[in-house]
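Subject: Handing over the two-chain model

Dear colleague,

I am passing this structure on to you, and I would be grateful if you could look it over before reading my notes. The notes follow below, arranged by chain and then by the contact between chains.

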Amino acid sequence: MLSRFTVLTSHLAPLLADDIDTDQIIPARYLKGTERTGLGEHLFEDWCTLPDGTADPEFPLNQPESSHAQILLAGRNFGCGSSREHAAWALSGRGFRAVIARSFADIFYNNALKNGILPVALDEAHHASLSRHVLDDRKCMVTIDLTQQLVEMPGGERAPFDVDAFSKRCLIEGVDQLGYLMSLEDHVREYEVAHDGG
Amino acid sequence: MPTQPSTLFDKVWDSHVVVQNGHGPDVLYIDLHLVHEVTSPQAFAGLRAKGIKVRRPDKTFATMDHSTPTLSRDLTILDAMGAAQIKQLESNCEAFGIPLFRLGSEEQGIVHVIGPELGLTQPGKTLVCGDSHTSTHGAFGALAFGIGTSEVEHVLATQCLLQEKPRTMEVRIDGKLSPGVTAKDVILALLAKIGVQGGTGHVIEYRGEAIRSLDMEARMTICNMSIEGGARAGMVAPDTTTFEYLSGRPFAPEGEAWDQAVDRWQELQSDPGARFDETVELDAGTLTPMITYGTNPGMGLPISQPVPDPSECADSHQRQAMMRALDYMQVPSGKPLLGHPVDVVFVGSCTNARLSDLRGAASLLRGRRVAPGVRMLVVPGSDSVRRQAEAEGLDQVFLSAGAEWRFAGCSMCIAMNGDQLEPGQYAVSTTNRNFEGRQGKGGRTFLASPLTAAATAVAGAIADPRALAANVGAD
């Protein structure tokens, strides 16, 4: 059972670079576990730390303004590269429930939805506007309303976003997609009979 | 009423839709599911927790490749977590009845090398794996794409996936490749053109004279890196090159079933007049050896061209990305990378560790030495590739040149098994990703072809393979 997602109000952690790949989100040396847990502490580890191993005070996620942020704000093509779902597990392990970006890589987008993380792609104008708000005031609050598919910014500006109806329902009801697929057994068997197993 | 001309992708997709949901994702049937140790443990754990069996263990095959040692086949040299993960795969395969090509077996290797070489990968199939480079298998006219671990669980449990239908992109490559220019250079040139997000949401079909003239291994190299352009998958329509490659492979159909399969496979072409959502063209004749200078695979350039100056970049986002990349790589803009010293040369990975890749690298190393101070690793893509290479004496060419000759695995491409760069080191690598730290924390990667890698190893600095090739016999 996933935790339900309907309306989320939080301040944002800004990481406004394009093409952030999943190797940065969670380095490969943390892929040796057999659990989904314990990855949050390694989120963006190589960007978080200075060469001597201490926390980099310049890195946005290390700054007190970003602590307990549940929304990450990124640029274009967030989550490109490796298919590792560990990237989504690391984000949720750190308390993130949504990522707002200009666009997402396909595999990350699917992985996020399956872990109760809402990926929100905004058009250029709204993304720029939101980025300005956050850079002006790191503690400003933003509301993501999944039911209405709207991001509400400080000052009342509202930005619409797309999400497919099926994934939306799964997030709102907090159910995973496997139950639906399991319910199709008769269709699958029929398909297999008709196609001789492919 | 005449039917609409359709693309190769449409044909494979449409014939695998189990349930169409209208405005939501389709339910797609999966013909072949490949599994490895890194992205599967949590999926099996999910099945156990819910008391679900693997629905079609006969359509599921597993191997171990990501964190396996390449120095020997002895698991004790791995760290405890890596070893535990490998043991977990063994016990999962045993419990759920899944065939496993384990370490030490003749079939073991990188999942995207062994699928084709065993004949499991076939035209028209839908094929998934918890690994983004699953796009490799599209070289056979299969629809093959990488998935996350939740989706691995879905396929194990139901043999189905919920997927939005991607859009289509035609990449037409006409003309003829010049000597010294390989499939790796073709895909790096395409990525330099479309960028790392140019293919997002699309399935690419590679077409044209240059693609037709490539062998299967070269087509695999190109399809492999489709994901680096953001594409869901890359495909090449099957032809006699495909059929000749597959004929006689262990899992390929035989006898009458083979003839029927070939008849079916020949239909897997985009119809004349089929519409693609986008088209990109490349002229193979104008391509030269390529190399990357930055920290994503789209940051590539012809090897003799100067590294671009970020200040000349009009797009502010791109300018920032380039500045950050050049700072990480510590390479100057405005001059070519030729002559830039390297510490390591790596020939390996699901992109470039098949027999033809090793032959290419060996052709330039024969009778030559790896430059002093440079470490060169050659890691075959599978145990089968290793045995064939040794039968041809390629191992001796590498060893005589001073390179290391290893057992099969992903090795320094993902740097999970101890094969990795030290902070600050430079490598020319035949792999697929030059992301920050990809080959080891703080390591710096230049992506290139096996020929460029070999020429660089000899020179001790980035070198154009065409110059060395012209020199054959000089020793």
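Of the contacts in chain B with a separation of 6 or more, what percentage is accounted for by residues 24 or more positions apart? The figure for chain B is 76%. Please keep in mind throughout that this is a predicted model. The predictor gives the complex an ipTM of 0.97 and a pTM of 0.97, and for chain B the mean pLDDT is 96, with 98% of the residues of that chain reaching 70 or more.

Chain B

Chain B has 16 helices and 19 strands. Its radius of gyration is 22 Å, close to the 23 Å that the globule rule gives for 475 residues, so chain B is as compact as a globular protein of that length. The C-alpha trace of chain B spans about 60 × 55 × 45 Å along its principal axes, and buried residues make up 61% of the 475 residues in the chain.

As background, strands of a sheet pair through backbone hydrogen bonds, either parallel or antiparallel. At one end of the order, strand 18 of chain B, residues 426-429, is joined by 4 bridges to strand 19 of chain B, and these two strands run parallel.

Two loop residues of chain B

Is Asp31(B) buried or exposed? Asp31(B) is buried, because 21 other C-beta atoms lie within 10 Å, and the cut-off for a buried residue is 20 or more. The place of Asp31(B) is in the loop between strand 2 and strand 3 (32-35) of chain B. Although Asp31(B) and Leu127(B) are 96 residues apart along the chain, their C-alpha atoms are separated by 6.0 Å.

The other loop residue is Pro25(B), which lies between strand 1 (17-19) and strand 2 (26-29) of chain B. Pro25(B) is partly exposed, because it has 19 other C-beta atoms within 10 Å, whereas a buried residue needs 20 or more. Leaving aside neighbours within four places in sequence, Pro25(B) is in contact with Asp164(A) and Phe166(A) in chain A, and with Leu162(B), Gln163(B) and Glu164(B) in chain B. Between Pro25(B) and Ile173(B), on the other hand, there are 32 Å in space from C-alpha to C-alpha, with the two residues 148 apart in sequence.

Chain A

In chain A there are 8 helices and 7 strands. A compact globule with 198 residues would have a radius of gyration near 16 Å, and chain A has 18 Å, which agrees. The C-alpha trace of chain A spans about 60 × 45 × 25 Å along its principal axes, and 45% of the 198 residues in the chain are buried. Among contacts in chain A between residues at least 6 apart in sequence, 67% join residues at least 24 apart.

Within chain A, strand 3 (residues 98-101) and strand 4 (residues 118-121) run parallel and are joined by 4 bridges, and Ala98(A) has Leu118(A) in strand 4 of chain A as its bridge partner. The chain crosses from strand 3 through helix 4 to strand 4 of chain A, and this β-α-β crossover is right-handed.

Where the chains meet

The contact between the chains takes 44 residues from chain A and 54 residues from chain B. Helix 1 (22-25), helix 4 (106-113), helix 6 (165-173), helix 7 (178-182) and helix 8 (185-195) of chain A are the elements that give two or more residues to the side of chain A that touches chain B. Helix 4 of chain A gives the most to that side, with 4 residues. By residue type, the side of chain A that touches chain B divides into 15 nonpolar, 14 polar and 15 charged residues.

With kind regards

Note on methods. Residues numbered from 1 in each chain as written. Chains lettered and ligands numbered in written order. Predicted model: local features only at pLDDT ≥ 70, side-chain atom pairs only at ≥ 80, totals over all residues. Pairing = 2+ DSSP bridges. Contact = placed C-beta atoms within 7 Å. Nonpolar A, V, L, I, M, F, W, Y, C, P; charged D, E, K, R; others polar. Buried ≥ 20, exposed ≤ 12 C-beta atoms within 10 Å, placed from the backbone. Rg over C-alpha atoms; globule rule 2.2 N^0.38 Å. Right-handed = clockwise from strand over helix to strand, strands pointing away. pLDDT = per-residue confidence, 0-100.
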